[in-house]
Amino acid sequence: MTPFMQRLQKSSVNKYVVLGLRILIGGIFLAAGLIKTIQPLVEFIAVAKTWNILPDPWVTIYAWLLPWVEVVFGATFLFGAWQRVSSAMIGLMLLSFLIAIAINIGRGTALSDCGCFGELFKFGETFWDLWWRDLGLFIGTLWVMMMPKPLWFSIDAWLKPSPVA
């Protein structure tokens, strides 16, 4: 790691940036997952089908699993538990979303509903809006993943065993 990155990781400002990213990204995934879990599954399946990425049996499995994965890893990312695992899972979800968005941009498909937050509110008018939003979230997730463990103000830090005197 470069000396610049080492200094940046140890700076007092960075711990607040990382905490802000955890609150923002973890909160988004937690909220998105919770909203999808309380709405009828058939609504999310219908939205997922409009993306034309997965075949029929897989889209149902995806629509059933994704909200719960978002809830679990959104919460662990938000609260700083299992930093590397939760960052990796959030990053992989965002990467899969970016690939799906890129496929639909390439097809010239118009966005009808991203399905991100169910029917609560729309978060992006076009696939390009979603692309830039998810790319920013992906970069933020990578930033959190690169930070040394344990993160400041996190469950990992509270559970870290103290050195024996």
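This text walks through a predicted model of one protein, from its overall build to single residues.

Residues are numbered from 1 along each chain as its sequence is written. Because the model is predicted, local features need pLDDT of at least 70, side-chain atom pairs count only at pLDDT 80 or more, totals for chains, interfaces and linings use all residues, and side-chain values use heavy atoms, with hydrogens and water left out.

Start with the whole chain. The protein has seven helices and zero strands. Here helices (H or I, at least four residues) and strands (E, at least two) are DSSP runs, numbered from the N terminus. Along the sequence the pattern reads α-α-α-α-α-α-α. The C-alpha atoms fill a box of roughly 60 × 30 × 25 Å, taken along the principal axes. Of the 165 residues, 40% count as buried. Buried means under 20% relative accessible area, exposed means over 50%, and partly exposed is in between (1.4 Å probe, protein chains only).

Next come contacts, which means heavy atoms within 4.5 Å. Take the contacts in the protein with a separation of 6 or more. Residues 24 or more positions apart account for 73% of them.

Now look at helix α3, residues 41-50. Its buried residues are Phe44, Ile45, Val47 and Ala48. Seen down the axis of α3, these buried residues fall within an arc of 165°, so they line one face of the helix. The arc is that of the directions from the helix axis to the C-beta atoms. An α-helix has 3.6 residues a turn, so residues three or four places apart point the same way. What do the buried residues of α3 pack against? Their partners are α2 (12-38) and α4 (56-79).

Asn52 sits in the loop between α3 and α4. Its phi is near 55°, a positive value in a residue other than glycine. Most residues other than glycine have a negative phi. Trp82 also deserves a look here. Trp82 is not a glycine, yet it has a positive phi of about 50°. Its place is in the loop between α4 and α5 (83-107). Is Trp82 buried or exposed? Trp82 is exposed, with a relative accessible area of 58%.

Thr76 leads back into a helix. Thr76 belongs to α4. It is buried, at a relative accessible area of 10%. Leave aside its neighbours within four places in sequence, and Thr76 is in contact with Ala81, Trp82 and Ser86.

Turn to how helices pack in pairs. Two packed helices are described by the angle between their axes and the distance between the axes. The axes are lines fitted to C-alpha atoms, for helices over the stretch in contact, and angles run from 0 to 180 degrees between N-to-C directions.

Begin with α2 and helix α6 (residues 127-146). They pack at an angle of about 130°, with their axes 10 Å apart. The two helices are therefore oblique to each other. Angles under 35 degrees count as roughly parallel, over 145 as roughly antiparallel, 65 to 115 as roughly perpendicular and the rest as oblique. The crossing of α2 and α6 is left-handed. That word applies if the near helix is turned anticlockwise from the far one by less than a right angle; clockwise is right-handed. Which residues of α2 meet α6? Among them are Val17, Leu21, Leu24 and Ile28. On the α6 side, the residues include Leu137, Gly140 and Trp143. By class, the contact of α2 with α6 has nine nonpolar, three polar and one charged residues. Ala, Val, Leu, Ile, Met, Phe, Trp, Tyr, Cys and Pro count as nonpolar, Asp, Glu, Lys and Arg as charged, and the others, Gly among them, as polar.

Helix α6 also packs with α5, at an angle of about 160° and with the axes 9 Å apart. So α5 and α6 are roughly antiparallel to each other. Their crossing is left-handed. By class, this contact of α5 with α6 has 19 nonpolar, five polar and two charged residues.

Phe97 is found in α5. At 16% relative accessibility, Phe97 counts as buried. Phe97 and Leu135 are 38 residues apart in sequence and 9.5 Å apart in space, C-alpha to C-alpha. Not counting residues up to four places away in sequence, Phe97 touches Phe29, Tyr62, Leu66, Glu70 and Asp134.

Met146 lies in α6. Met146 is partly exposed, with a relative accessible area of 38%. Met146 and Ser87 are 59 residues apart in sequence and 9.3 Å apart in space, C-alpha to C-alpha.
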